[in-house]
Amino acid sequence: MDYIGDCKLVELGRNIYKPNSGQVNMKCISCSKETSKIVRFPCPGCGEEILRCDKCRGLSIEYKCPKCGYKGP
Ligand SMILES: [Zn+2]
Ligand SMILES: [Zn+2]
């Protein structure tokens with residue numbers, strides 16, 4: 001009768017799949033791609049940690065700090 005088991009499973013799976021955001025999945029701030037080749041550095045404006053992939057860094061693609069809006073190459 002009560003067949004909501006599947007729904008519950010999906011929701012549970014989602015929670016497991018999503019631990020604390022930002023720590024596991026490293027996303028490049030410039031291209032929004034998840035990559036393992038990431039460079040971290042503090043924002044020159046506010047010190048917030050900025051994550052960028054080596055590709056964007058190598059191409060000097062502009063980034064914008066999500067916290068203070070600082071833009072840099
Ligand atoms: Zn990138
Ligand atoms: Zn900033």
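## Burial and overall make-up

A residue counts as buried if 20 or more other C-beta atoms lie within 10 Å of its own C-beta atom. By that cut-off, 10% of the protein's 73 residues are buried. The structure is a predicted model.

The protein has two helices and four strands. Read from the N terminus, the order of elements is α-β-β-α-β-β. Take the contacts between residues at least 6 apart in sequence: 28% of them join residues at least 24 apart.

## Confidence

Mean pLDDT for the protein is 80. A value of 70 or more is reached by 66% of the residues.

## Leu-51 in strand β2

Strand β2 covers residues 49–53, and Leu-51 lies in it. Is Leu-51 buried or partly exposed? Its C-beta atom has 19 others within 10 Å. The cut-off for buried is 20 or more, and exposed means 12 or fewer. Leu-51 is therefore partly exposed.

Which residues does Leu-51 contact, leaving aside neighbours within four places in sequence? They are Met-26, Lys-27, Cys-28, Ile-29, Ile-38 and Arg-40. One of these, Met-26, is 25 residues from Leu-51 along the chain. The C-alpha atoms of Leu-51 and Met-26 are 7.1 Å apart.

Definitions and conventions: Residues numbered from 1 in each chain as written. Chains lettered and ligands numbered in written order. Predicted model: local features only at pLDDT ≥ 70, side-chain atom pairs only at ≥ 80, totals over all residues. Contact = placed C-beta atoms within 7 Å. pLDDT = per-residue confidence, 0-100.
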